[in-house]
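Please look over the structure below before reading the notes that come after it. They are written for someone meeting this structure for the first time.

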Amino acid sequence: TRTQVGIVGAGPAGLMLSHLLSLNGIDSVVIDNRTRVEIGKTVRAGILEADSARLLADTGVSDRVLREGHPHEGIDLRFGGESHRVDFRALVGESVWLYPQTDVFVDLANARERDGGDVRFGVSDTSVDVSGPAIRFTDSDGIAQEVRCDLLVGADGSRSICRAEVPEALRRHSSREYPFAWFGIITEAPRSAPELVYAHSPRGFALISQRTETHQRMYFQCSPETDAAAWSDDRIWEELQARVAGPDGFALKEGPITEKTVLRFRSFVAEPMRHGNLLLAGDAAHTVPPTGAKGLNLALADVSVLSEVIERALLKNDPDALDAYGPRALDRVWKAQHFSYWMTTMLHSLPAATDFDVRRQLSELASVVGSEAGSRYLAEGYTGCWPA
Ligand code: DHB
């Protein structure tokens, strides 16, 4: 097969790029070693920046996000057992959308199918040749395939094989580890609060999120060695309740827990995001810790810049246009890296924290909610409305 853009990875980054390119008449082939069902079952984050929701609706992927998603105009920061609302609408004139990443994937996969996009799920033995460039793999019928292309895009997630093709001498990997992880659950219960609650507590961080009228998503900080299966529902509820408890009597509405997983936690950036005809997008180029739900939003922001520069390179015969991709994307990537790191360190308990560390953290939270400048700073980061 011959195509203009070969894309490794059919998650939201790869599929959205393929969709945006097709709007400009640029062909692409997308491959993924996972099946469509497998990707559709992976539970990921649930918050879209308004720009991400608009990108899905305005480019014709689907308006389901606007019909079935829920606009959230703020969050609660909870510490010292009390909740403090940060009002995004009042502070930055923007909201975010509660709409699960799984649904973003379903919408994108359906849109590519509807528009005749070439997406091959469930392939194996994938390898890339950057000098070709070409992608080689065995398709789901067991037949060896080669896709030759003008540009190769690595949208293949945090364990990217494409990233490894940038020569060691030319690349710079920056990362940070955290001495904790998140225990994530789905429960069959009504909502416990109208908006998301980010809670700081002496027992560690907890996040009360939502999915639907009947199912909710919650997380609590845990040790990275935690075995999720070893935790009973009762023990999980006891821990979550303890972390949100306070003099206002706030308590979670409990129900059966249908999903228990421990999530990895890391900050990571691979630069440059372009090497010759190879371009990296989404988690292949960067990972954020989950606090603030920036991962998917960054992936969509990457590919909206990338589709623009590819269009200039391929349709307007301006190969230098590709030079602008890395610098433009990385500006946002590093803002989101800082935001995710900041929210994480402000809200989590460090295993070696001293009394000073905890008191300082509580004072930082008090400054953020007590100062309009502080609250607006958080609102800008959370909604992704950073000043240019
Ligand atoms: C969700 C996950 C996050 O990391 C976050 O900051 C907010 C919401 C979620 O899964 O709903």
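The model shown here is predicted. Within it, strand E14 spans residues 181-188 and contains Phe-183, while a separate open sheet is formed by 3 strands in the order E3-E7-E4. The ligand has a shell that draws at least three residues from each of domain 1 and domain 2.

**Strand E14 and its partners**

- Strand E14 is mostly covered, since 6 of its 8 residues are buried.
- Strand E17, which covers residues 215-222, runs antiparallel to E14 and is joined to it by 8 bridges; in this pairing Ile-186 stands opposite Arg-217 of E17.
- Strand E18, which covers residues 257-263, is also antiparallel to E14 and is joined to it by 6 bridges; here Phe-183 stands opposite Val-262 of E18.

**Phe-183**

- Phe-183 counts as buried because 22 other C-beta atoms lie within 10 Å, and the cut-off for a buried residue is 20 or more.
- Leaving aside residues up to four places away in sequence, Phe-183 touches Tyr-219, Phe-220, Cys-222, Thr-226, Ala-228 and Val-262.
- Phe-183 and Thr-345 are separated by 162 residues in sequence, and their C-alpha atoms are 17 Å apart in space.

- Helix H3, made up of residues 50-58, lies across E3 and E7 and runs at about 85° to E3.

**Around the ligand**

- The residues surrounding the ligand are Ala-45, Gly-46, Ile-47, Leu-196, Leu-207, Ser-209, Arg-217, Pro-290, Thr-291, Gly-292 and Ala-293.
- By residue type, the shell around the ligand divides into 6 nonpolar, 4 polar and 1 charged.
- Of the two domains that each give at least three residues to this shell, domain 1 is assigned as 5-46 + 100-174 + 269-343 and domain 2 as 177-265 + 350-383.
- Arg-217, one of the residues around the ligand, is also the residue of E17 that Ile-186 stands opposite.

Terms used: Residues numbered from 1 in each chain as written. Predicted model: local features only at pLDDT ≥ 70, side-chain atom pairs only at ≥ 80, totals over all residues. Helix = DSSP H or I, 4+ residues; strand = E, 2+ residues; numbered from the N terminus. Buried ≥ 20, exposed ≤ 12 C-beta atoms within 10 Å, placed from the backbone. Contact = placed C-beta atoms within 7 Å. Pairing = 2+ DSSP bridges. Axes fitted to C-alpha atoms, helices over the stretch in contact; angles between N-to-C directions. Near = placed C-beta within 6 Å. Nonpolar A, V, L, I, M, F, W, Y, C, P; charged D, E, K, R; others polar. Domains from an automatic or database assignment.
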